[in-house]
Amino acid sequence: MSEAPSTAPVCYRHPSRETLLSCSRCDRPICTSCMNDAVVGHQCPECVKEGRRSQRSARTAFGGGRAGQLGYVTTAIIAVNSLVMIASAVLGGPQAIIGGGGGGFNGLLGSGTPLTDFGEVLGHAIYGGEIHGVAEGEWYRLVTAMFLHYGVVHLLLNMMLVAQVGRYLEAQLGPMRFAALYLLAGFGGNVAAYVFQPANQASAGASTATFGLVIGAIVINRRLVKDNSAFTSLLIMNLIYTFFIPNISIAGHLGGLVAGGATAFVLAYSHQPHRSIKQAAGCAVILALIVAAAIARTAALLS
């Protein structure tokens with residue numbers, strides 16, 4: 001006499017395996033190899049995948065992605081500045097690295113190079129018999145200058161600040177918001193140098209952006225009700241350097257401070273609902289004001 005066929009349910013992924021278990025989400029039968037522990041009961045692999053897709057990714061207190069904890073943007077900033085320094089040294093020779101600039105830091109600054117001549121902030125001046133500068137349509141200088149340095153000492157001082165403050169800020173803000181803070185501070189500082197320095201005075205360096213990072217960290221910590229003593233001391237020390245060491249762009253540093261502080265305030269104090277939209281709109285307004293200042297300065301130089 002033949003046995004009656006089994007009526008026990010079988011795993012939907014393994015038809016040869018009988019089971020009394022079922023997915024608590026879709027109610028399909030699953031075997032012990034397929035089940036995944038859930039808060040209530042067990043779930044099948046497909047329901048687990050679907051749950052992961054529908055789950056909102058973790059965000060920081062300011063709406064940024066948790067990927068900022070990996071510090072990719074900070075690392076990229078340091079890498080780009082270092083590569084540009086190498087290119088500048090190749091074009092400018094040994095004096096471009098150290099001891100060629102004179103003035104600040106006891107003569108440790110490097111000399112200018114064809115690359116710094118091309119990309120530094122310059123309002124309006126004659127180079128090699130030709131007129132150059134932002135006022136002559138070389139607007140790119142207001143961006144490129146934040147990635148150029150006069151020697152390795154200049155580079156190391158700025159990159160130490162980026163590494164020290166940038167990793168913290170990127171973890172708090174997320175990659176995109178941190179990048180916006182860095183670029184707006186650097187751009188704002190360069191425009192301030194363009195607006196307030198003599199038209200033939202050149203300047204470059206990431207310090208316009210790093211001043212924005214330091215004040216940004218102070219604003220962020222104040223919003224999080226954290227101790228600010230370390231960042232405040234760092235800011236005071238850098239302000240002392242700015243006013244008492246020769247050959248430093250005071251306007252550029254203070255401009256980066258103001259632009260970075262304003263950007264950090266927008267990022268830190270924009271609330272839900274629609275926080276991301278408010279942050280983007282606030283940053284756009286800051287960018288528009290900076291551009292308007294550059295346009296006004298250009299009109300004044302050409303009038």
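Reader: Why is Phe231 called buried?

Author: Buried means under 20% relative accessible area, exposed over 50%, and partly exposed in between, with a 1.4 Å probe and protein chains only as cover. Phe231 has a relative accessible area of 13%, so the residue counts as buried. The model is predicted: local features need pLDDT of at least 70, side-chain atom pairs count only at pLDDT 80 or more, and totals for chains, interfaces and linings use all residues. Residues are numbered from 1 along each chain as its sequence is written, and side-chain values use heavy atoms, without hydrogens and water.

Reader: What makes the pair of Tyr168 and Phe231 tilted?

Author: Rings of Phe, Tyr and Trp (its six-membered ring) pair if their centres lie within 6.5 Å; planes under 30 degrees apart count as stacked, over 60 as edge-to-face and the rest as tilted. For Tyr168 and Phe231 the centres are 5.6 Å apart and the planes stand at 35°, so the pair is tilted. This pair links distant parts of the chain, with Tyr168 in helix α6 and Phe231 in helix α9, 63 residues apart.

Reader: What makes the pair of Phe265 and Tyr269 stacked?

Author: The angle between the planes is 25°, with 4.8 Å centre to centre, and the pair is stacked. Phe265 and Tyr269 are four residues apart in helix α10, so about one helical turn separates them. Helices (H or I, at least four residues) are DSSP runs, numbered from the N terminus.

How values were computed. Helix = DSSP H or I, 4+ residues; strand = E, 2+ residues; numbered from the N terminus.
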